[in-house]
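Thanks for asking me to look this over with you.

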Amino acid sequence: MVSRLFQIVYILMEKEKVTAKELAEKLEVSVRTINRDIEKLSEARIPVYATKGRSGGISLLSDFVLNKKVLTEEEKSSILSSMRVMEAVAYEDEQQALNRLEKFFGESAQDWIEVELDSWGQGGFDQERFRLLKDAVLRHKKITFEYMGMKESSSRKVQPHKLVFRSQSWYVYGFCELRQDFRYFKFRRIEQLTVTEERFVPRELPEEKAHYIEMEDTFEATFAIDKCMAYRVCDELPVHLAKEENGRFIFTAPNAHESWFYNYIFSYGPYAEVLGPAEVRREMEKRVEQIYNRYQKPGE
């Protein structure tokens, strides 16, 4: 948003008058977004005004000169640092915006923060997919893809509203026309992604729901993890909520999902144990037995 506000000011400094529709087409956003941006510029004491009628439009006062002192040193530093963080997912347009801001402010972004989305030495961040989905969100274009759910793959048509980074994974959040509701779709489960030319009108976003995965029943479960696995526990679980008993961390998950809970416990090998309730422990025992029986068969 910050780079777009500066772009609007630059355009208005170059042209005597421009319409909201022209700005919207140039910056590839809606007229409504442009009107909100104009309000924000006014709140920032930029002398921008709009006139109505056939020859109306948006203008700056004729004697206006953009003063670098509009922002404090701390605000300039924050803007540049924010743009620097965006380099992790940036491509040409974000980099150009950063270069323009650095030249305008007469300083470079301090190199105090770094975001790396690839796994250590393994790559994995699909920048091209990110670019396609970002463009679909900003241009309000519907997307189609095959999505690998918990049980099967399904074809989806989605109205993408935003991209979300949560719990070490990227998701596209949008209105699913199959489910007729908002859903989170994990990047890595999306196949055959196509950005269509079919446009949609952005919907009002609902209150936050815990459906980053397909909705499923939840259950409460208590489990223990040996302290020798503390390095993983500190990375992955709210250790400050754990009890410590007999050299183990004791956790209670109030909203466990079958799709991840049992596999997560298995990932600790012999260093984790489900304590209850009884039906969850029995299900774990059943799965352990299934694994044991598999290894009783001769290997190929």
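**Notes on a predicted model**

1. Let's begin with one residue. Serine 154 counts as buried, because its relative accessibility is 16% and the cut-off for buried is under 20%. Please keep in mind throughout that this is a predicted model. Serine 154 has its place in strand β4. Its side chain makes a polar contact with the side chain of arginine 156, at 2.9 Å. Setting aside neighbours within four places in sequence, serine 154 is in contact with Phe145, Glu146 and Tyr147.

2. Strand β4 covers residues 153-166, and pairs with β5 in the antiparallel sense over eight bridges. To find your way along this pairing, look for leucine 163, which stands opposite valine 172 in β5. The hairpin of β4 and β5 has two residues between the strands, and here serine 167 takes a positive phi near 50 degrees.

3. How many of the residues of strand β5 (residues 169-176) are buried? The count is eight of eight, so to speak a strand that is mostly covered. On β5 there is a further antiparallel pairing, with strand β6 (residues 181-186), over six bridges. Four residues lie between the strands in the hairpin of β5 and β6, where glutamine 180 takes a positive phi near 55 degrees.

4. Now turn to the two helices themselves. Helix α8 (residues 258-266) and helix α9 (residues 278-294) pack at an angle of about 60 degrees, and their axes are 11 Å apart. Their crossing is right-handed. On the α8 side the contact is made by Glu258, Phe261, Tyr262, Ile265 and Phe266, while α9 brings Val280, Glu283, Met284, Arg287, Val288 and Ile291. Sorted by class, this contact has eight nonpolar residues, three charged residues and no polar ones.

5. A detail of the backbone is worth a stop here. Glycine 276 and proline 277 are joined by a cis peptide bond, with omega at about 0 degrees. You will find proline 277 in the loop between β11 and α9.

6. Glutamate 28 is not a glycine, yet has a positive phi of about 60 degrees. Glutamate 28 lies in the loop between α2 (20-27) and α3 (31-43), and with a relative accessible area of 40% this residue is partly exposed. Glutamine 192, also a residue other than glycine, has a positive phi near 55 degrees. Glutamine 192 lies in strand β7 (residues 190-199). Is glutamine 192 buried or exposed? Its relative accessible area is 61%, so glutamine 192 is exposed.

7. My last point concerns a side chain on a helix. Arginine 129 is found in helix α6 (residues 127-138), and at 17% relative accessibility arginine 129 counts as buried. Where does its side chain go? The side chain of arginine 129 reaches the backbone oxygen of isoleucine 190, at 2.8 Å. Beyond its neighbours within four places in sequence, arginine 129 is in contact with Phe187, Arg188, Ile190 and Leu193.

How values were computed
Residues numbered from 1 in each chain as written. Predicted model: local features only at pLDDT ≥ 70, side-chain atom pairs only at ≥ 80, totals over all residues. Heavy atoms only, no water. Axes fitted to C-alpha atoms, helices over the stretch in contact; angles between N-to-C directions. Left-handed = near helix turned anticlockwise from the far one by under 90°. Contact = heavy atoms within 4.5 Å. Nonpolar A, V, L, I, M, F, W, Y, C, P; charged D, E, K, R; others polar. Buried < 20%, exposed > 50% of the residue type's maximum accessible area, 1.4 Å probe, protein only. Pairing = 2+ DSSP bridges. Polar contact = N/O pair within 3.5 Å; in protein donor to acceptor, adjacent residues only side chain to side chain.
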